[in-house]
Amino acid sequence: MFKILTTGFWEAIARLILRNKIFILIAIILATIFFSTQWKYMQFSSTEANLLPDDHEVNLTYNNFLKIFGEEGNLVVLGVKDSTIFTVKQLNAWNNLADSFKDYDEVDAVLSIKDLKKLVKNTEEVKFDLEPFIQDSISSMEEILKLEDDLFKKYPFYDNFLFNAETKTLRTALYLKKDFINTPARKVFILNVLQEKVDAFEEQTGLDVRVSGMPYIRTLSSQSIIDEIPIFIGGALFVTSLIFFLFFRSFRATFISLIVVCIGVMWTFGILGLLGYEITVLTALIPPLIIVIGIPNCVFLINKYQQEVKSHGNKVKSLQRVITKVGNATLMTNVTTASGFATFIFTESTLLKEFGIVASLSILAIFLLCLLVIPIMYTFLPYPKERHLEHLNKRWIGRFVGWMESMVKNKKITIYITTLILIVTSIIGIYQIKISGSLIEDMPQNTEFFRDIRFFESEFNGIMPLEILIDTKRKKGVMKLSTLKRMDELEELIHHIPELSRPISVVSLVKYSKQAYYNGNPKYYQLPTSQENSFILSYAKNSTSNTDMLSDFVDSTGQYARITTFMKDIGTDKMERIEEDLQDEIDKLFPKERYEVTITGKALVFQKGTKYLVKNLMISLTLAIILIALFMAYLFRSFKMIVVSLIPNLLPLLITAGIMGYIGVPIKPSTILVFSIAFGISVDDTIHFLAKYRQELQANNWKIRKSVYGALRETGVSMIYTSIVLFFGFSVFTISSFGGTVALGALVSITLLFAMLSNLLLLPSLLLSLERNIANKEVLRKPSIDIIPPEDDVENNDFKENKD
């Protein structure tokens with residue numbers, strides 16, 4: 001395929017573009033209109049990012065749990081920690097707030113202090129009755145004192161669920177309907193109903209209400225992503241266009257570049273809608289990425305046009321040479337950049353696949369737009385003015401390139417020693433990198449909802465559900481006393497793990513039933529003996545209220561039970577230790593021939609997903625290296641050139657990984673992307689340099705040193721330009737409120753900065769040191785692809801200056 005990418009081919013492309021400019025512009029406008037019609041199909045993700053393949057064992061276990069008990073992340077909690085809550089007016093207002101949610105179709109159930117009921121033994125009908133602690137409303141402080149005495153001292157069943165007896169913190173639980181929880185309607189309810197009611201309550205009472213729970217967190221986190229998209233796009237446009245203008249001092253050139261990248265962004269959103277992909281924390285990064293990657297394309301094309309105009313003053317000839325000389329090089333660099341993103345397609349993670357597909361397609365689209373729009377736009381515009389060409393003689397860049405040339409000439413040993421020190425230091429840092437499987441670590445930490453997460457972690461030991469599913473392998477096996485005792489022992493272990501909240505299961509309900517059987521005496525809050533069990537169960541079977549409470553903990557067949565606990569935001573290492581401790585206890589308590597017990601829940605799924613992505617990081621990065629190495633092999637037909645070209649691009653990745661270890665940035669879904677993205681972009685500089693180096697060799701009769709210095713002077717300016725644009729462009733992501741996005745922007749910026757220095761110092765030094773081994777004339781004289789056509793390409797007579 002690449003055989004056709006010769007000078008003649010690109011001359012034909014140039015003729016095609018410049019002769020059919022009106023038709024091409026109309027086609028671009030129609031394509032843009034088409035993509036804009038696809039925007040309506042864009043959706044924002046309503047669920048957490050599932051990083052695991054659908055057929056992964058952890059996902060299958062979780063989906064099996066959902067099939068039995070339904071969506072487990074449907075709880076929203078409201079909390080208040082204020083001594084004034086225990087007054088008649090405030091407590092009634094708190095209960096009224098909870099009652100106000102009960103009439104909404106989206107709400108399945110509401111539990112507040114007012115809704116709590118005590119089991120009361122009814123000896124006449126041999127059943128348990130439910131009696132409310134509060135009848136209608138509270139009318140005196142005496143009632144409040146009695147309520148405190150009952151709840152905080154006599155009924156441990158409710159402790160740490162709707163209140164914290166030690167800190168006197170109250171909370172209300174809203175269970176949203178499970179078939180509604182993962183739909184866009186959840187956002188409307190959370191933002192337009194829940195938040196408005198809470199705000200009105202705070203204004204009325206002066207109380208500070210904390211709100212949390214997975215539906216609430218997901219909604220506000222998704223809203224933060226939506227809010228940041230225009231900020232990223234606007235920031236990327238402002239920063240890159242400002243830098244572009246400072247380089248070129250031309251409003252005309254800046255405006256053309258902005259048009260191109262804005263159309264590219266429109267196409268990106270259209271691709272998302274066309275493919276039906278959701279906008280997630282990853283895909284939301286693609287539009288500003290396209291701006292950051294597209295502007296360097298504009299730099300190359302416009303810079304070449306202005307160089308040609310300054311050289312000979314023929315506008316049409318200049319535009320022809322822009323396409324023939326820069327088109328192939330720009331194509332190759334965009335293909336390598338797209339390859340870095342495309343490697344994510346080969347992972348098993350749906351989230352990364354979608355990111356890789358949309359990003360790689362969008363990068364190729366922005367290349368096509370740059371190649372078509374920029375030359376065509378300049379055919380309608382007058383010649384650049386003298387002031388627009390002044391940047392071609394910038395002294396500071398000349399001095400910087402001169403310094404680098406001097407370093408390569410005279411300080412190669414210094415460069416190698418510095419490289420070796422960086423490698424050793426980076427390897428030490430890499431061993432300090434940790435893996436983070438935190439579900440909330442990357443969430444905006446300066447927001448109210450993040451502070452509320454920490455509040456509930458402090459008061460109730462977390463809000464992220466961790467579930468243990470127990471299959472007794474026989475109907476009604478859960479209510480066997482032997483099963484209940486095993487579950488109770490497991491709950492004892494959970495209770496003593498500080499990172500986990502008090503567990504909730506059928507065991508608590510059975511203990512509560514025994515307490516009720518003994519007329520509410522709290523010392524009988526324990527599992528019944530085998531003799532007591534038959535009496536208590538006879539009461540329980542006659543109680544419809546007990547059946548309703550039981551349905552949340554035991555399935556309809558009585559074969560499956562669940563133990564629910566909530567987990568604090570902890571690191572992957574702690575999570576793995578907790579999982580090991582739980583699994584060891586499960587193996588001891590539940591014989592495998594009689595029980596099948598699995599640990600699941602959103603927190604565990606996310607943690608396993610992060611570990612899975614780390615493995616995929618190595619796969620995708622290795623694949624990116626192999627793909628680009630194959631490309632370089634096809635380009636230069638030399639194994640030694642492949643090695644020489646890869647070293648300057650792998651070094652920055654090593655340095656970045658070392659920095660992550662030293663400053664404590666963990667490997668997580670967001671930072672995993674850094675390496676493949678940065679490698680795909682940084683190798684562009686290598687391709688430009690080596691292509692120019694080969695051309696210089698031919699022009700200088702295979703004089704190695706002269707060719708290296710010539711390539712350095714020629715490509716150094718454009719590398720510096722594009723690296724500055726990329727550095728500040730990716731730095732835009734550091735304004736994000738998401739920690740992972742900040743880390744991604746900062747780390748890619750740092751990596752690309754090191755990549756520029758590595759390609760301008762280490763790469764030419766290696767070429768000079770290994771000149772005898774790699775200066776193979778036959779290999780470099782006849783490359784598979786002419787990235788940069790020869791300088792003496794013949795002017796095409798078909799191009800005439802149009803003076804109309």
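Modeller: Phe34, Phe35 and Trp267 form a cluster linked by ring pairs, where rings of Phe, Tyr and Trp (its six-membered ring) pair if their centres lie within 6.5 Å. The model is predicted, so local features need pLDDT of at least 70 and side-chain atom pairs count only at pLDDT 80 or more, while totals for chains, interfaces and linings use all residues. Residues are numbered from 1 along each chain as its sequence is written, and side-chain values use heavy atoms, with hydrogens and water left out.

By the ring-pair rule, the count comes to 19 aromatic pairs. One of them is stacked because the rings of Tyr518 and Tyr524 have centres 4.1 Å apart and planes at 15° (planes under 30 degrees apart count as stacked, over 60 as edge-to-face and the rest as tilted). Tyr518 is partly exposed, at 26% relative accessibility, and Tyr524 is also partly exposed, with a relative accessible area of 25% (buried means under 20%, exposed over 50%, partly exposed in between, with a 1.4 Å probe and protein chains only).

Aromatic rings also meet charged side chains. The charged end of Arg171 sits over the ring of Phe460, 3.9 Å from its centre, and that of Lys21 sits over the ring of Phe380 at 4.8 Å from the centre; the rule asks for NZ of Lys or CZ of Arg within 6 Å of the ring centre and within 35 degrees of the ring normal.

Turning to the fold, the protein has 26 helices and 12 strands, taken as DSSP runs numbered from the N terminus (H or I, at least four residues, for helices; E, at least two, for strands). An open sheet of 3 strands has the order β11-β10-β12 with antiparallel pairing, pairing being at least two DSSP bridges between two strands. Its edge strands, β11 (560–567) and β12 (596–600), each pair on one side only. Strand β10 (residues 464–471) is joined to β12 by 5 bridges, and Ile470 stands opposite Val597 in β12. Helix α15 (residues 481–495) lies across β10 and β11 and runs at about 10° to β11, with axes fitted to C-alpha atoms, for helices over the stretch in contact (heavy atoms within 4.5 Å), and angles from 0 to 180 degrees between N-to-C directions.

Across the protein, buried residues make up 59% of the 804 residues. Of the contacts with a separation of 6 or more, 81% involve residues 24 or more positions apart.
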